[in-house]
Amino acid sequence: MNSKSPSDNVIRLSDRMKHKSSKPVSTPRSRRAAAPRVIAVTSGKGGVGKTNIVANLGFAFCRLGKKVLILDADLGLGNLDVLLGIAPKYNLSHVLMGEKSVSEIIVQGPGNLLILPAASGIQELTQLTKQQKIQILSELDPVIDSVDLLLIDTAAGISSNVMDFNAIAQEIIVVVSPEPTAITDAYALMKVLAIKYAEKSCKIIVNLAHTRQQGNEVFRQLNLVTERFLDMRIEYVGSVPFDANVTQGIKQQKLVSDLFPDTPASKSFRGLVRKIIAQPPSQLPDGDSHFFWHHLMENNFS
Ligand SMILES: Nc1ncnc2c1ncn2[C@@H]1O[C@H](COP(=O)(O)OP(=O)(O)OP(=O)(O)O)[C@@H](O)[C@H]1O
Ligand SMILES: [Mg+2]
(Lines give C-alpha, C1' and ligand atoms only; values in the text may rest on other atoms or scores of the structure.)
(Ligands and ions follow the chains in the order given, each with its own letter.)
Protein backbone atom coordinates (compact mmCIF):
# COMPACT_ATOMS: atom_id res chain seq x y z
CA MET A 1 0.00 0.00 0.00
CA ASN A 2 1.33 3.39 -0.86
CA SER A 3 1.03 5.68 2.12
CA LYS A 4 2.33 8.87 0.49
CA SER A 5 -0.22 11.36 -0.69
CA PRO A 6 0.39 13.52 -3.79
CA SER A 7 0.55 16.61 -1.58
CA ASP A 8 3.44 15.09 0.44
CA ASN A 9 5.36 14.73 -2.79
CA VAL A 10 4.60 18.26 -3.89
CA ILE A 11 5.81 19.67 -0.58
CA ARG A 12 8.97 17.56 -0.62
CA LEU A 13 9.76 18.55 -4.20
CA SER A 14 8.96 22.21 -3.76
CA ASP A 15 11.48 22.16 -0.94
CA ARG A 16 14.06 20.58 -3.20
CA MET A 17 13.35 23.11 -5.92
CA LYS A 18 14.27 25.99 -3.64
CA HIS A 19 17.83 24.69 -3.72
CA LYS A 20 17.95 24.12 -7.44
CA SER A 21 18.56 26.54 -10.24
CA SER A 22 16.37 26.07 -13.30
CA LYS A 23 19.46 25.38 -15.42
CA PRO A 24 21.38 22.16 -14.81
CA VAL A 25 24.90 22.73 -13.51
CA SER A 26 27.84 21.21 -15.29
CA THR A 27 29.52 19.53 -12.31
CA PRO A 28 28.48 15.91 -12.61
CA ARG A 29 27.93 13.79 -9.52
CA SER A 30 29.93 10.62 -9.11
CA ARG A 31 26.94 8.35 -9.83
CA ARG A 32 26.48 10.04 -13.21
CA ALA A 33 28.67 7.50 -15.02
CA ALA A 34 26.09 4.79 -14.34
CA ALA A 35 23.00 7.02 -14.25
CA PRO A 36 20.06 5.92 -16.37
CA ARG A 37 19.19 7.78 -19.55
CA VAL A 38 15.61 9.01 -19.66
CA ILE A 39 14.29 9.26 -23.21
CA ALA A 40 10.77 10.35 -24.16
CA VAL A 41 9.49 9.13 -27.53
CA THR A 42 6.79 11.38 -28.85
CA SER A 43 5.06 12.67 -32.01
CA GLY A 44 2.84 15.46 -33.23
CA LYS A 45 0.57 13.26 -35.31
CA GLY A 46 -0.91 10.06 -33.89
CA GLY A 47 -0.31 6.58 -35.29
CA VAL A 48 3.19 7.25 -36.68
CA GLY A 49 4.64 4.25 -34.83
CA LYS A 50 5.88 5.50 -31.43
CA THR A 51 4.74 2.51 -29.38
CA ASN A 52 6.16 0.06 -31.87
CA ILE A 53 9.46 1.95 -31.96
CA VAL A 54 9.73 2.23 -28.16
CA ALA A 55 9.07 -1.48 -27.68
CA ASN A 56 11.52 -2.59 -30.37
CA LEU A 57 14.24 -0.16 -29.29
CA GLY A 58 13.79 -1.36 -25.72
CA PHE A 59 14.08 -4.97 -26.88
CA ALA A 60 17.23 -4.18 -28.90
CA PHE A 61 18.78 -2.41 -25.89
CA CYS A 62 17.98 -5.45 -23.73
CA ARG A 63 19.74 -7.68 -26.25
CA LEU A 64 22.86 -5.58 -25.66
CA GLY A 65 22.61 -6.40 -21.97
CA LYS A 66 20.98 -3.14 -20.88
CA LYS A 67 18.24 -3.04 -18.25
CA VAL A 68 15.34 -1.15 -19.78
CA LEU A 69 12.11 0.12 -18.24
CA ILE A 70 9.34 1.44 -20.48
CA LEU A 71 6.80 3.84 -19.05
CA ASP A 72 3.55 3.69 -20.98
CA ALA A 73 2.68 7.37 -20.69
CA ASP A 74 -0.18 7.18 -23.19
CA LEU A 75 -2.37 7.52 -20.14
CA GLY A 76 -5.94 6.49 -20.65
CA LEU A 77 -5.27 4.85 -24.02
CA GLY A 78 -2.12 2.87 -23.33
CA ASN A 79 -1.66 -0.13 -25.59
CA LEU A 80 1.96 -1.14 -25.05
CA ASP A 81 0.79 -4.22 -23.12
CA VAL A 82 -1.36 -5.33 -26.05
CA LEU A 83 1.55 -4.92 -28.44
CA LEU A 84 3.75 -7.04 -26.17
CA GLY A 85 1.10 -9.69 -25.53
CA ILE A 86 1.11 -9.17 -21.77
CA ALA A 87 -1.87 -8.62 -19.47
CA PRO A 88 -0.76 -6.67 -16.42
CA LYS A 89 -3.11 -6.85 -13.45
CA TYR A 90 -2.28 -3.39 -12.17
CA ASN A 91 -1.46 -0.11 -13.87
CA LEU A 92 -0.85 3.56 -13.14
CA SER A 93 -4.48 4.10 -12.15
CA HIS A 94 -3.83 1.85 -9.11
CA VAL A 95 -0.82 4.00 -8.21
CA LEU A 96 -2.89 7.16 -8.41
CA MET A 97 -5.60 5.61 -6.25
CA GLY A 98 -2.93 4.81 -3.67
CA GLU A 99 -3.52 1.06 -3.95
CA LYS A 100 -0.09 0.17 -5.34
CA SER A 101 3.35 1.73 -5.52
CA VAL A 102 5.10 2.28 -8.86
CA SER A 103 7.53 -0.58 -8.21
CA GLU A 104 4.64 -2.94 -7.41
CA ILE A 105 3.04 -2.54 -10.84
CA ILE A 106 6.15 -3.10 -12.98
CA VAL A 107 5.85 -6.27 -15.05
CA GLN A 108 8.27 -8.17 -17.24
CA GLY A 109 7.81 -8.32 -21.01
CA PRO A 110 9.68 -10.11 -23.80
CA GLY A 111 13.47 -10.17 -23.69
CA ASN A 112 13.51 -9.02 -20.02
CA LEU A 113 11.95 -5.65 -20.86
CA LEU A 114 10.39 -4.04 -17.81
CA ILE A 115 7.04 -2.35 -18.32
CA LEU A 116 5.20 0.24 -16.30
CA PRO A 117 1.67 -0.15 -17.68
CA ALA A 118 -0.85 2.60 -18.26
CA ALA A 119 -4.59 2.04 -18.14
CA SER A 120 -6.87 1.87 -21.12
CA GLY A 121 -10.31 3.43 -21.23
CA ILE A 122 -9.96 5.55 -18.10
CA GLN A 123 -10.68 9.04 -19.34
CA GLU A 124 -9.60 10.81 -16.12
CA LEU A 125 -6.04 9.65 -16.76
CA THR A 126 -5.88 11.74 -19.93
CA GLN A 127 -6.29 14.86 -17.81
CA LEU A 128 -3.84 14.31 -14.97
CA THR A 129 -3.24 17.21 -12.63
CA LYS A 130 0.31 18.43 -12.03
CA GLN A 131 0.14 16.87 -8.58
CA GLN A 132 -0.74 13.48 -10.04
CA LYS A 133 2.14 13.68 -12.55
CA ILE A 134 4.45 14.68 -9.72
CA GLN A 135 3.24 11.71 -7.69
CA ILE A 136 3.99 9.25 -10.50
CA LEU A 137 7.36 10.76 -11.37
CA SER A 138 8.58 11.20 -7.82
CA GLU A 139 7.82 7.54 -7.10
CA LEU A 140 9.48 6.54 -10.36
CA ASP A 141 12.63 8.62 -9.85
CA PRO A 142 14.33 6.34 -7.26
CA VAL A 143 13.03 3.18 -8.98
CA ILE A 144 14.96 3.96 -12.17
CA ASP A 145 18.23 4.09 -10.25
CA SER A 146 18.42 0.37 -10.93
CA VAL A 147 17.96 0.52 -14.73
CA ASP A 148 20.16 1.71 -17.59
CA LEU A 149 17.39 3.29 -19.58
CA LEU A 150 13.88 4.63 -19.08
CA LEU A 151 11.93 4.93 -22.32
CA ILE A 152 8.72 6.97 -22.12
CA ASP A 153 6.07 6.15 -24.71
CA THR A 154 3.91 9.28 -24.84
CA ALA A 155 0.55 9.92 -26.44
CA ALA A 156 0.53 12.03 -29.62
CA GLY A 157 -0.03 15.77 -29.75
CA ILE A 158 0.71 18.82 -27.65
CA SER A 159 -1.54 18.35 -24.62
CA SER A 160 0.03 19.11 -21.24
CA ASN A 161 0.01 15.38 -20.45
CA VAL A 162 2.32 14.77 -23.38
CA MET A 163 4.43 17.89 -23.04
CA ASP A 164 5.13 17.45 -19.34
CA PHE A 165 6.43 13.92 -19.86
CA ASN A 166 8.62 15.22 -22.70
CA ALA A 167 9.89 18.16 -20.69
CA ILE A 168 11.04 16.13 -17.68
CA ALA A 169 13.00 13.69 -19.88
CA GLN A 170 16.72 14.10 -20.52
CA GLU A 171 16.23 13.49 -24.24
CA ILE A 172 13.27 13.69 -26.60
CA ILE A 173 12.94 11.59 -29.72
CA VAL A 174 10.31 12.89 -32.12
CA VAL A 175 8.89 10.20 -34.40
CA VAL A 176 7.65 11.39 -37.76
CA SER A 177 6.48 9.68 -40.94
CA PRO A 178 6.99 10.99 -44.49
CA GLU A 179 3.35 12.19 -44.72
CA PRO A 180 3.18 16.01 -45.02
CA THR A 181 0.69 16.20 -42.12
CA ALA A 182 3.04 14.22 -39.88
CA ILE A 183 5.90 16.57 -40.79
CA THR A 184 3.91 19.73 -40.05
CA ASP A 185 2.63 18.24 -36.77
CA ALA A 186 6.18 17.28 -35.77
CA TYR A 187 7.26 20.86 -36.40
CA ALA A 188 4.30 22.18 -34.38
CA LEU A 189 5.28 19.94 -31.47
CA MET A 190 8.92 21.07 -31.59
CA LYS A 191 7.79 24.67 -31.73
CA VAL A 192 5.88 24.27 -28.46
CA LEU A 193 8.84 22.44 -26.90
CA ALA A 194 11.21 25.22 -27.96
CA ILE A 195 9.03 28.18 -27.06
CA LYS A 196 7.07 27.05 -24.02
CA TYR A 197 9.52 24.56 -22.49
CA ALA A 198 12.83 26.12 -23.66
CA GLU A 199 13.99 22.77 -25.07
CA LYS A 200 17.21 23.25 -27.00
CA SER A 201 17.46 19.92 -28.81
CA CYS A 202 15.46 16.97 -30.10
CA LYS A 203 16.33 13.76 -31.86
CA ILE A 204 14.38 12.59 -34.91
CA ILE A 205 13.37 9.11 -36.12
CA VAL A 206 11.58 8.82 -39.45
CA ASN A 207 9.26 5.81 -39.44
CA LEU A 208 7.52 4.18 -42.40
CA ALA A 209 10.21 5.40 -44.78
CA HIS A 210 10.09 3.73 -48.17
CA THR A 211 13.79 4.35 -48.75
CA ARG A 212 16.70 5.59 -46.66
CA GLN A 213 16.81 8.66 -48.93
CA GLN A 214 13.18 9.43 -48.07
CA GLY A 215 14.10 9.37 -44.36
CA ASN A 216 17.04 11.72 -45.01
CA GLU A 217 14.78 14.06 -46.99
CA VAL A 218 12.15 14.26 -44.20
CA PHE A 219 14.92 15.12 -41.74
CA ARG A 220 16.34 17.72 -44.15
CA GLN A 221 12.94 19.43 -44.42
CA LEU A 222 12.48 19.51 -40.65
CA ASN A 223 16.02 20.76 -40.13
CA LEU A 224 15.47 23.57 -42.60
CA VAL A 225 12.50 25.00 -40.70
CA THR A 226 13.80 24.39 -37.17
CA GLU A 227 17.15 26.02 -38.02
CA ARG A 228 15.40 29.01 -39.51
CA PHE A 229 12.55 29.57 -37.05
CA LEU A 230 13.35 27.84 -33.74
CA ASP A 231 16.08 28.13 -31.17
CA MET A 232 16.46 24.36 -31.30
CA ARG A 233 18.97 21.94 -32.77
CA ILE A 234 17.69 18.67 -34.19
CA GLU A 235 19.76 15.53 -34.55
CA TYR A 236 18.96 12.64 -36.89
CA VAL A 237 18.90 9.18 -35.35
CA GLY A 238 17.77 7.43 -38.53
CA SER A 239 14.80 5.79 -40.21
CA VAL A 240 12.70 2.66 -39.85
CA PRO A 241 11.46 1.24 -43.15
CA PHE A 242 7.87 0.40 -43.88
CA ASP A 243 7.86 -3.34 -43.25
CA ALA A 244 4.81 -5.60 -43.49
CA ASN A 245 6.39 -7.90 -40.87
CA VAL A 246 5.75 -5.17 -38.27
CA THR A 247 2.00 -5.56 -38.76
CA GLN A 248 2.41 -9.33 -38.83
CA GLY A 249 4.10 -9.15 -35.42
CA ILE A 250 1.42 -6.86 -34.02
CA LYS A 251 -1.29 -9.32 -35.07
CA GLN A 252 0.53 -12.05 -33.15
CA GLN A 253 1.18 -9.68 -30.22
CA LYS A 254 4.90 -10.23 -30.63
CA LEU A 255 7.65 -7.76 -31.39
CA VAL A 256 8.94 -7.83 -34.93
CA SER A 257 12.51 -7.80 -33.52
CA ASP A 258 11.71 -10.99 -31.63
CA LEU A 259 9.68 -12.74 -34.31
CA PHE A 260 11.66 -11.73 -37.42
CA PRO A 261 15.11 -10.55 -36.26
CA ASP A 262 16.46 -10.30 -39.82
CA THR A 263 13.64 -8.34 -41.42
CA PRO A 264 14.51 -4.74 -42.51
CA ALA A 265 12.63 -3.07 -39.61
CA SER A 266 14.35 -5.27 -36.99
CA LYS A 267 17.77 -4.51 -38.48
CA SER A 268 16.98 -0.80 -38.43
CA PHE A 269 16.11 -0.93 -34.69
CA ARG A 270 19.53 -2.40 -33.94
CA GLY A 271 21.13 0.40 -35.99
CA LEU A 272 19.09 3.07 -34.17
CA VAL A 273 20.16 1.68 -30.79
CA ARG A 274 23.84 1.90 -31.79
CA LYS A 275 23.25 5.51 -32.88
CA ILE A 276 21.44 6.39 -29.64
CA ILE A 277 24.31 4.95 -27.62
CA ALA A 278 26.67 7.12 -29.67
CA GLN A 279 24.55 10.25 -29.09
CA PRO A 280 24.54 10.84 -25.32
CA PRO A 281 22.26 13.51 -23.80
CA SER A 282 23.58 17.06 -24.11
CA GLN A 283 22.61 17.91 -20.54
CA LEU A 284 21.63 16.08 -17.38
CA PRO A 285 19.48 17.15 -14.46
CA ASP A 286 21.19 18.62 -11.47
CA GLY A 287 21.20 16.88 -8.07
CA ASP A 288 19.77 13.51 -7.13
CA SER A 289 17.01 13.34 -9.70
CA HIS A 290 16.96 11.78 -13.17
CA PHE A 291 14.26 14.20 -14.32
CA PHE A 292 14.20 17.87 -15.22
CA TRP A 293 11.67 18.70 -12.54
CA HIS A 294 11.83 22.44 -13.05
CA HIS A 295 9.79 22.18 -16.27
CA LEU A 296 6.96 20.63 -14.30
CA MET A 297 7.33 22.73 -11.18
CA GLU A 298 7.77 26.22 -12.59
CA ASN A 299 4.07 26.82 -13.17
CA ASN A 300 3.20 25.75 -9.64
CA PHE A 301 5.96 27.32 -7.67
CA SER A 302 7.28 30.33 -9.55
N1 LIG B 1 7.75 0.43 -39.71
C2 LIG B 1 6.48 0.04 -39.87
N3 LIG B 1 6.12 -0.70 -40.93
C4 LIG B 1 4.82 -1.08 -41.13
N5 LIG B 1 3.82 -0.74 -40.30
C6 LIG B 1 4.12 0.01 -39.20
C7 LIG B 1 5.46 0.43 -38.93
N8 LIG B 1 5.44 1.16 -37.78
C9 LIG B 1 4.16 1.18 -37.37
N10 LIG B 1 3.37 0.50 -38.22
C11 LIG B 1 1.90 0.35 -38.15
O12 LIG B 1 1.37 1.54 -37.61
C13 LIG B 1 0.45 1.25 -36.57
C14 LIG B 1 0.54 2.32 -35.50
O15 LIG B 1 1.74 2.13 -34.76
P16 LIG B 1 1.85 2.58 -33.23
O17 LIG B 1 0.69 2.11 -32.44
O18 LIG B 1 3.21 2.19 -32.77
O19 LIG B 1 1.74 4.16 -33.42
P20 LIG B 1 1.67 5.27 -32.28
O21 LIG B 1 2.42 6.45 -32.81
O22 LIG B 1 2.14 4.71 -30.99
O23 LIG B 1 0.12 5.57 -32.23
P24 LIG B 1 -0.64 6.48 -31.12
O25 LIG B 1 -0.37 7.91 -31.50
O26 LIG B 1 -2.08 6.09 -31.29
O27 LIG B 1 -0.06 6.11 -29.80
C28 LIG B 1 0.82 -0.13 -36.09
O29 LIG B 1 -0.32 -0.84 -35.70
C30 LIG B 1 1.46 -0.78 -37.28
O31 LIG B 1 0.48 -1.51 -37.98
MG1 LIG C 1 1.21 4.64 -29.11
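Colleague: Is Leu96 buried or exposed?

Modeller: This is a predicted model, and in it Leu96 belongs to helix H4, which covers residues 92-96. A residue counts as buried if 20 or more other C-beta atoms lie within 10 Å of its own. Leu96 has 23 other C-beta atoms within 10 Å, and therefore Leu96 is buried.

Colleague: Which residues come nearest to ligand 1?

Modeller: The shell around ligand 1 holds 20 residues. Helix H2 (50-63), strand S5 (149-156), strand S7 (201-209) and helix H10 (244-251) each give two or more residues to this shell. By kind, the shell divides into nine nonpolar, eight polar and three charged residues. Those that come nearest to ligand 1 are Gly46, Gly49, Lys50, Thr51 and Asn52.

Colleague: How many of the 14 residues of H2 are buried?

Modeller: Helix H2 reaches 20 Å from its first C-alpha to its last, close to the expected 20 Å. H2 is largely enclosed by the rest of the structure, because the number of its 14 residues that are buried is 13.

Colleague: Which residue just after H2 takes a positive phi?

Modeller: The helix itself covers residues 50-63. Just after H2, a positive phi of about 90 degrees is taken by Gly65.

Note on methods
Residues are numbered from 1 along each chain as its sequence is written. Chains are lettered from A and ligands numbered from 1 in the order in which they are written. This is a predicted model: local features need pLDDT of at least 70, side-chain atom pairs count only at pLDDT 80 or more; totals for chains, interfaces and linings use all residues. Helices (H or I, at least four residues) and strands (E, at least two) are DSSP runs, numbered from the N terminus. A residue is buried if 20 or more other C-beta atoms lie within 10 Å of its own, exposed if 12 or fewer, and partly exposed in between; C-beta atoms are placed from the backbone. A residue is near a molecule or strand if its C-beta atom, placed from the backbone, lies within 6 Å of it. Ala, Val, Leu, Ile, Met, Phe, Trp, Tyr, Cys and Pro count as nonpolar, Asp, Glu, Lys and Arg as charged, and the others, Gly among them, as polar. The expected span of a helix is 1.5 Å times one less than its number of residues.
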